[in-house]
Amino acid sequence: MASSARDPDNECVISVRSLTKQFGASTAVADLSFEVVPGVVTGFLGPNGSGKSTTMRMIMGLDTPTSGTALVNGKPYGALDWPLREVGAPLDAKALHPARPAHDHLRCLAYSNVIPLDRVDHVLGPVGLAGVEHTRAGKFSLGTGQRLGIAGRCEAIPACCSSTRPAPCPRGASRSPACCAPSPDRASRSASSV
Ligand SMILES: Nc1ncnc2c1ncn2[C@@H]1O[C@H](COP(=O)(O)OP(=O)(O)OP(=O)(O)O)[C@@H](O)[C@H]1O
Ligand SMILES: [Mg+2]
């Protein structure tokens with residue numbers, strides 16, 4: 001018999017539940033819950049030091065939650081068979097081999113994730129790297145390196161792409177990060193972005 005019960009973990013690209021991270025006595029993320037659903041560009045905002053990057057790192061399996069869960073397509077990142085095909089996150093614009101040209105960097109990612117190599121040429125143009133694809137990544141400016149990071153995360157057309165970058169925050173804003181999404185009719189893409 002089919003169950004009609006709603007299962008948010010099977011509907012959400014990202015599901016964060018009661019997520020908490022402590023570094024010693026310091027609490028970086030406190031009991032945070034949100035969901036990112038398919039087809040909606042979702043913003044994740046908060047003041048400096050409010051725990052955005054730590055939350056992203058826990059979603060991407062780079063930090064271990066003290067308690068709570070962070071799931072991608074219903075699984076912890078470490079349980080995904082081909083993570084790059086399901087979620088992309090250029091969290092560190094400098095996480096590139098400085099001697100490797102952009103084109104080769106993207107080919108390495110494609111090859112190691114069994115993604116067709118012709119995807120490399122498809123993503124270079126849209127991120128604005130056409131013409132510099134044979135330049136070594138170590139010579140890129142911060143912004144150009146960020147473009148290469150985004151290109152790498154778009155190669156597999158993952159269900160979800162997470163990014164982190166600083167943004168000004170109004171005075172008096174809450175110290176906790178918050179998720180927000182535009183109305184669904186403004187989001188027509190099949191992938192989700194945070
Ligand atoms: N590895 C760590 N060890 C100890 N404390 C940490 C560590 N990483 C982050 N923190 C602390 O956790 C808190 C949240 O940091 P986090 O980098 O997640 O904030 P953020 O919202 O991304 O800030 P920003 O807007 O400046 O990027 C901060 O107080 C920070 O000092
Ligand atoms: Mg940060």
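## Ser50 and its loop

Ser50 sits in the loop that connects β3 (43–45) with α2, where helices (H or I, at least four residues) and strands (E, at least two) are DSSP runs numbered from the N terminus. Ser50 counts as buried, because 21 other C-beta atoms lie within 10 Å; a residue is called buried if 20 or more other C-beta atoms lie within 10 Å of its own, exposed if 12 or fewer, and partly exposed in between, with C-beta atoms placed from the backbone. Ser50 and Thr27 are separated by 23 residues in sequence, and their C-alpha atoms are 9.7 Å apart in space.

The model is a predicted one, in which local features need pLDDT of at least 70 and side-chain atom pairs count only at pLDDT 80 or more, whereas totals for chains, interfaces and linings use all residues. Residues are numbered from 1 along each chain as its sequence is written, while chains are lettered from A and ligands numbered from 1 in the order in which they are written.

## Overall make-up

The protein has six helices and eight strands, and from the N terminus on its elements follow the order α-β-β-β-α-β-α-β-α-α-α-β-β-β. Of the 194 residues in the protein, 29% are buried. Among contacts with a separation of 6 or more, 73% are made by residues 24 or more positions apart, a contact being a pair of residues whose C-beta atoms, placed from the backbone, lie within 7 Å.

## The three-stranded sheet

Three strands, in the order β2-β1-β4, make up an open sheet with antiparallel pairing, and two strands are taken to pair if DSSP finds at least two bridges between them. The edge positions belong to β2 and β4 (67–72), each of which pairs on one side only. From one strand to the next the twist averages 20°; for such angles, axes are lines fitted to C-alpha atoms, for helices over the stretch in contact, and angles run from 0 to 180 degrees between N-to-C directions.

Strand β1 (residues 14–23) is joined to β4 by five bridges, and Arg17 has Thr69 in β4 as its bridge partner. Helix α2 packs on this sheet, where α2 touches β1, β2 and β4 and its direction makes about 115° with that of β1. On the other pairing, seven bridges join β1 to β2, with Val16 opposite Phe34 in β2. These two strands form a hairpin with two residues between them, and Gly24 in the turn has a positive phi of about 60°.

## Helix α2

Seven of the eight residues of α2 are buried, so this helix is largely enclosed by the rest of the structure. The buried residues are Lys52, Thr54, Thr55, Met56, Arg57, Met58 and Ile59, and they pack against β1, β2, β3 and β4. After α2 comes Gly61, with a positive phi near 75°.

## Helix α4 and what follows it

In α4 (residues 102–112), the residues Ala102, His105, Leu106 and Ala110 are buried. Seen down the helix axis, the buried residues of α4 fall within an arc of 135°, so they line one face; the arc is that of the directions from the helix axis to the C-beta atoms. The cover over these buried residues includes α5 (119–124) and α6 (142–154), while the face turned away from the buried side carries the exposed residues Tyr111 and Ser112.

Most residues other than glycine have a negative phi. Val114, in the loop between α4 and α5, has a positive phi near 50°, and Val114 is exposed, with 10 other C-beta atoms within 10 Å. Asp31, placed in strand β2, likewise has a positive phi, of about 50°, and Asp31 is exposed, with 12 other C-beta atoms within 10 Å.

Definitions and conventions. Two residues are in contact if their C-beta atoms, placed from the backbone, lie within 7 Å.
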